[in-house]
Amino acid sequence: MSVQHTIKINLTGGVVSAGDLYEILVIAEKAGATNIYFGTRQQLYFHIDDSLLNDMNYNMLGAEIAYELGVEEYPNIVSSYVADTIFNTEGWLKEGVYKDIFDLFTHQPKLKINIADSGQSFVPFFTGNLNFISSGVSNYWYLYVRFPKTNQVCCWPALVYSDDIPEVSKVIEGLIYSNKTKFYDKAVIDEQLFFNMLKPLMSHEQAITHPLNLPEFFLPYYEGFNKYGSNKYWLGIYRRNECFELSFLKDVCMLCLQTRVGQLYITPWKSILIKSIDNTDRQYWGSLLNKYRLNVRHAANELNWQVEDQCPEGLALKRQLVREFEEADMRTYRLCFAIKTQPRTGLFGSVILKKQTGEHWEIMYTRDFNPNSKDFVVYKKRVPKAEIIKHLEELCRIYYSFYADNELKTGNDHSHTEDTGEPVKQKTVHQCINCLSVYDETYGDNENGISPGIAFSDVLNYSCPVCGSSKAYFEEKKWA
């Protein structure tokens with residue numbers, strides 16, 4: 001029996017020129033690949049037979065294309081470049097800034113790096129280990145460090161200059177990997193120790209004068225032909241099976257070259273975007289979609305899922321649940337879902353399905369259903385696959401009750417946030433120091449049979465629903 005190999009190519013920042021992608025596709029085709037897949041970190045995958053590996057390697061070396069064979073040592077740099085001008089139009093962060101930062105990287109990062117515009121919500125902010133988020137000061141960035149193999153996130157107490165991002169990333173990676181016993185895969189990490197060790201290695205810092213203010217999560221519809229600017233269109237293409245025919249992508253590249261469209265964009269939702277399509281050329285793109293019989297108007301509740309890369313089990317569950325969502329006519333607006341079959345895969349979601357032993361699943365959600373949060377609340381444990389849908393229906397009802405209550409209290413639809421200068425109201429929660437699970441009396445603890453509204457102090461003999469720690473291991477926290 002022949003051996004199949006998975007080839008991974010990082011497309012830095014999720015952007016690739018039509019010419020470079022065409023060259024990759026030609027090499028993949030010569031190696032016997034017929035389909036191309038994209039990943040949540042904006043990378044490209046294909047599969048080849050062992051007998052053609054040597055020839056492919058020779059062609060890759062000749063074209064100076066870096067690739068990985070069956071491993072994930074270098075997890076790619078994710079960026080919101082893909083959202084520029086179509087999902088966000090304001091602010092100082094533009095195409096040239098992204099390109100300059102990418103060009104300054106002289107090393108292949110082993111840490112996950114995210115470079116994101118704070119004015120968009122299409123690309124996740126905190127799924128990296130080093131998360132650079134644009135500030136209100138031109139060319140300066142907030143830096144949020146999520147220590148490897150943990151959910152512990154801390155904010156570096158100064159802004160980082162654009163040109164320093166590559167070097168800062170290299171310095172932090174070196175510090176973490178040379179001190180793994182302190183900062184890698186630990187239940188609790190001493191953030192102050194990390195700051196003290198990093199401080200002498202940093203330069204060109206700018207003081208933080210305003211806290212980071214992110215938009216509420218809203219996943220834009222990222223399919224089909226859409227107009228932007230005065231006379232330009234962008235086209236988004238999603239595939240239900242996460243699989244793109246190689247021949248189709250070759251035709252896409254050729255049409256880009258013929259119509260002077262320079263770049264293609266890979267999204268964290270495993271889709272592709274083509275920007276800068278002239279109105280006069282739109283007919284050619286329509287003909288290409290017709291040739292391959294591609295649908296570009298899927299339901300919104302199918303587009304708001306994150307599944308691990310190259311994961312048939314997760315993809316099959318997603319397709320099952322999407323069908324059940326349709327049958328139940330479920331509303332999922334402003335929610336997104338993630339399916340995790342492996343631990344610590346860093347997927348993005350407001351509702352997370354996490355595989356347990358056997359065919360059982362754990363259902364969690366993030367604080368206030370904000371997918372950028374890393375504070376998870378356990379909703380149900382050991383749920384059989386057949387029963388997932390009924391619990392998701394109930395959780396969606398809880399979310400919309402919560403959302404409607406907030407609308408009534410604030411008198412708006414949360415479509416934007418205004419800084420009034422008033423102090424932000426805080427609430428008290430209790431967090432497990434071992435696994436960072438949170439008890440929030442707003443929601444109670446369904447797993448332990450505790451109804452919403454019960455204060456933590458009134459709960460006797462409490463144990464963490466995630467790791468089993470007793471009440472003594474919970475610390476009081478203040479949340480905005």
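Asn461 counts as exposed because its relative accessibility is 80%. In this text, exposed means over 50% relative accessible area, buried means under 20%, and partly exposed lies in between (1.4 Å probe, protein chains only). Asn461 lies in the loop between strand 23 (438-439) and strand 24 (474-479). Helices (H or I, at least four residues) and strands (E, at least two) are DSSP runs, numbered from the N terminus. The phi of Asn461 is positive, near 55 degrees, and the residue is not a glycine.

The model is predicted: local features need pLDDT of at least 70, side-chain atom pairs count only at pLDDT 80 or more, and totals for chains, interfaces and linings use all residues. Residues are numbered from 1 along each chain as its sequence is written, and side-chain values use heavy atoms, with hydrogens and water left out.

Most residues other than glycine have a negative phi. Arg334 is another residue with a positive value, about 75 degrees, although it is not a glycine. Arg334 sits in the loop between helix 10 (312-328) and strand 18 (337-340). Is Arg334 buried or exposed? It counts as buried, because its relative accessibility is 12%.

Now step back to helix 10. The expected span of a helix is 1.5 Å times one less than its number of residues. Helix 10 has 17 residues, so it should span 24 Å, and its end C-alpha atoms are 24 Å apart, which agrees. Its buried residues are Gly314, Leu315, Leu317, Lys318, Gln320, Leu321, Val322 and Phe325. An α-helix has 3.6 residues a turn, so residues three or four places apart point the same way. Asp329 follows helix 10 and has a positive phi, near 55 degrees.

On a 1 Å grid over the protein atoms alone, a cavity is a set of points where a 1.4 Å probe fits but cannot get out; a pocket is an open set with protein on both sides within 12 Å along at least five of seven lines; lining residues have an atom within 4 Å of a point. Grid points are joined across faces, edges and corners, and a volume is the space filled by probe spheres set on the points. The whole structure holds two cavities of 30 Å³ or more.

The largest cavity has a volume of about 90 Å³. Its lining has 14 residues, and Glu242, Trp269, Lys270, Trp305 and Lys318 lie nearest its centre. Helix 9 (300-303) and strand 17 each supply at least two lining residues. Strand 17 gives the most, with three. By class, the lining has seven nonpolar, two polar and five charged residues. Here Ala, Val, Leu, Ile, Met, Phe, Trp, Tyr, Cys and Pro count as nonpolar, Asp, Glu, Lys and Arg as charged, and the others, Gly among them, as polar.

The second largest cavity has a volume of about 40 Å³. Among its lining residues are Trp156, Tyr161, Met202 and His204. That lining divides into six nonpolar, two polar and two charged residues.

The second largest pocket holds about 1500 Å³ of space. It is lined by 49 residues, of which Lys112, Pro343, Arg344, Thr345 and Gly346 lie nearest its centre. Strand 4 (43-49), strand 17 (305-307), strand 19 (351-355) and strand 20 (360-366) each supply at least two residues of this lining. The lining divides into 19 nonpolar, 14 polar and 16 charged residues.

Next come the aromatic rings. Rings of Phe, Tyr and Trp (its six-membered ring) pair if their centres lie within 6.5 Å; planes under 30 degrees apart count as stacked, over 60 as edge-to-face and the rest as tilted. The count comes to 35 aromatic pairs. Phe125 and Phe126 have ring centres 6.2 Å apart and planes at 55 degrees, so this pair is tilted. Phe125 is buried at 1% relative accessible area, and Phe126 is buried at 11%.

Trp269 and Phe348 have ring centres 6.0 Å apart and planes at 75 degrees, so this pair is edge-to-face. The pair links distant parts of the chain, 79 residues apart. Trp269 is in the loop between strand 15 (263-266) and strand 16 (272-278), and Phe348 is in the loop between strand 18 and strand 19. Both are buried.
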